[in-house]
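Please read the following briefing beside the sequence and the structure. It takes up strand pairing and then the chain as a whole.

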Amino acid sequence: MAITIDAEEADRLELSLQLFQKLYQHPDCQGWGGFGLVVQAYSKRALPVLLWLAALAKQQGDLIPIRLVKGAYWDSEIKLCQQKGLDGYPVYTRKESTDVSYLACARFLLSSHIKGLIWPQFASHNAHTVATIMTEAQHDQFEFQRLHGMGDALYDRVLEQAGVAVRIYAPVGNHKDLLPYLVRRLLENGANSSFVHRLVDARCPVSDLTEHPWLTLSKRNPLNNPHIPLPHDIYGQQRRNSRGPNIDIHCEWAPFSAKVNEWLEHQWLGGPIINGKRVESDKIVEVKAPYDHRHHTGQVHFANAELVAQAVQVAHDGFADWHSTPVGIRTQALMRLGDLLEDNLAELTALCHQEAGKTIQDSIDEVREAVDFCRYYALRANELFSAPLKRTLADGNSHAMIRDGRGVFVCISPWNFPLAIFLGQVTAALAAGNTVVAKPAEQTSLIACRAVELMLEAGVPASAIQLLPGRGADVGAPLTADPRIAGVAFTGSTETARLINRTLAARDCAPVPLIAETGGQNAMIIDSTSLPEQVVQDAVQSAFASAGQRCSALRVLCVQKDIADRVIDLLKGAMAELKTGNPCLHSTDVGPVIDQTAQQNLLQYIKQMQNSNRLLAQTELHAEADQGTFVPPTAFEIDSIERLGREQFGPIMHLVRYDAHDLDKLIDQINRCGYGLTLGIHTRNEGTAAHIESRARVGNTYINRNQVGATVGVQPFGGQGLSGTGPKAGGPHYLLRFTQLQPIASTFDKVEG
Amino acid sequence: MQHSNTQDIQAASIWEAWNRRGFAARCQLLATALEHLPAHAEAALTERLARQLLDDARPLGETLELPGPTGESNELYLTGRGVALVLGTEDSSETLVTCQLLATLACGNAAVLQWPGHEQWLTLLVEALYQAGVPRAMLALDTGTPEGQLLGLNDLRLVVLSCRPEQEIALNRRLAEHEGVLIQLVAETDLQHCPLLTSPDFLLRLVTEKTRTINTTAVGGNATLLELGSRTV
């Protein structure tokens, strides 16, 4: 019996070729001639792959059966590339291009010099494709393949007229495994471009069906599909999507990795930046890599009360210039900053590894999000500030009003998104015409320092941005107590937000905006119609990516009882496959938590939970884990969502079972937690998804996907209740809260506050 | 006459139903009440400002479709924050209290209303709103609960009032002492020009935003996307 390895996503092509080569060249396979591979014609790499396989066969002398298909993951390939900001697509964007590619591959496979190396297997239900292959073939060393129940009439003719072998295949498995396959088939056949669909469409003339795809394609101008923009252009002309390399493709990964490696031993130096100059203090902190404390990342000077006072004064004095700078000039600097961040991706990735313990993809995503913030807020500011607004005021007259900055904004950012959230807050405040005093999390001060250096290089004036790394008590407290502060943007814990609110309120001046993004106790609800394999993939990604250190991370997976055992089995399997380790390595899925305090608190919680709850699974830590601050990804089953206390900010997932008829009670329990940040829903029932979404008091709901990785301008991010005040970061209303409206010819003593 | 009490206001399921009605339906309902407002000195001003607020509130119900990757739908929409306390002070006017209350309700919040010394007038106002169709459980007139107790209301998300600047500072301090949610204070302190009430940003302070993301390529593929790839032009 022959075995054929199926084809998967384009990102796994190189991996599957390596695997194929290893198995094919194994002594047990030599002399067999029945070990084959599927090749997808929609892939732009299809022909090179066939050449490579032919060379492999020639080297060993064993026939390789190649099943040539058109490809089944086209939609996902397009989406993934857009999400990752890649340079292009690995697949053709027109169906007729794929059809031409299929025929080109077929011509190659049928050519005389390939005979005896590759056994072509043509899997198509397209009569034109079949007819073309039969016409082109000069020998009979190949076969056709058709799905049981499809193309019977077509292949009866093939057998009758040509006597070419036709293999009939059928999926084998139980109902739950086959249903997704069946749905995909139905959708493919239902697409307007499908031959099967067009065949039964009475309005489709026979001449169209029989037209050679090359002829069809040659009529297209342009050859690519203009309705599918390149990943960089998905937001239209005005805003470029941030770029990222594809780390699963060797030709992109190798040069990127080499550049990152150049920075891995670098020692960074950071400290307060006041009026454009980095200053030193007597409080110097050594920075160590969270994944291995033997590695020194650099040094940072922490600010003190005296430097806080200096920074506020500079920012206060700088406001007059900055807010009167035309918005277009302000936002040009932010646009340049976005480009500079992309230019410095390798260094920033290395710094994210070494200071924040971020994995490779997390580090790239971090920089990309920062880039998106720069461009999005710049664009929004241009829209908001360019033209005056007409408004009827209480006097009954229409007044022209303009937006303006409020003064000095304090931006207090967390360590879990040390570049993206840091720059998100700062660029929003600056775009709106405020000057900024930024206080980054003390654990990730070096990243903030590097970001401010790039801001200055991009043209943000020295008096507009001040940086004060340091401890909360030494820097945050005196900053927020200063009466000159006109607003605070904060991301961090609910408790710290409350403290800041009290400090601001204690001042003898009018209340100012406090934009707080705080924690979550985020749930994912899955019902019995969901696809368990997809659920587990998304749940594991949501709970354990970034070692669970995301505000949006999944904390409690709510599973309908009917499928709970199946989901738990899959979850155990998936967690056994997770790899903790050095985040600079491609093989690492889960990096360290940020520091020893976080690690000890999480380990203590796990220990406490083990006493009274069922441990479902725990990922084994790698050999050198004790050199850093690692916490094993862990899942517990609990009997009620109400058992959850405060948020555990790490790789810990809880699972509860619920009865289908108690769905509303479950939603009530989630709402009663008081937090309201993210919610995941997995169901194939649209009505159920809509019902849960409308009832849940959360900021961001994600349906049939993971619940992390909100994209700027696409999924504005922020919660309600204990999870934050709003407005949502990366959304159309965010900048407004950083502004005030002024009548152009002011007759009022005070404006909107 | 029977008014709702603060306990009724905290019934989450009723608030959900009110919130789900949508901005346009609530504004339509509240607009009918404008013709039956109790008499007061600046009734014409009240009606003009209230109509402007309701006009501003209607478009807030539109769901905003956001650009994103092919194969995913992303939407942003607004809802009420929850329970709001609408307070009048010795410096408030009927115009300000009425407009702030209407704005709060239009944005999908439940409201507890208190204005010491003006209970009789408020009773008429509340009755006009009930008559217009505001559910009784969405609007409670409170006449005797101490302010401190009201500020401790379970699920309180918002305090809307008109007052002097020093009162705003003092109330903000009291709210900051609260242990739960950061309660939003929306205070009009320029009682002559009402710049906050007439600002286009005012209503955004009374709502919260929700984002809804649907992976439309899930479970077997996306026919729309396949079709997009096969367009002939």
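Strand S19 (residues 522–526) of chain A pairs in the parallel sense with strand S24 (residues 678–682) of chain A, over four bridges; strands are DSSP runs (E, at least two residues), numbered from the N terminus, and two of them pair if DSSP finds at least two bridges between them. Within this pairing, Ala523(A) has Leu679(A) in S24(A) as its bridge partner. This is a predicted model, in which local features need pLDDT of at least 70, side-chain atom pairs count only at pLDDT 80 or more, and totals for chains, interfaces and linings use all residues. Residues are numbered from 1 along each chain as its sequence is written, chains are lettered from A and ligands numbered from 1 in the order in which they are written, and side-chain values use heavy atoms, leaving out hydrogens and water.

**The sheet**
- Ten strands form an open sheet with mixed pairing, in the order S21(A)-S22(A)-S23(A)-S20(A)-S19(A)-S24(A)-S25(A)-S8(B)-S2(B)-S1(B).
- Strand S21 (614–618) of chain A and strand S1 (64–65) of chain B stand at the edges, each with a single partner strand, so one side of each is left without a neighbour in the sheet.

**Chain A as a whole**
- Chain A has 24 helices and 26 strands, where helices are DSSP runs of H or I with at least four residues.
- Along its principal axes, the C-alpha trace of chain A spans about 95 × 65 × 55 Å.
- Of the 753 residues in chain A, 59% are buried, meaning under 20% relative accessible area with a 1.4 Å probe, counting protein chains only.

Conventions. Buried < 20%, exposed > 50% of the residue type's maximum accessible area, 1.4 Å probe, protein only.
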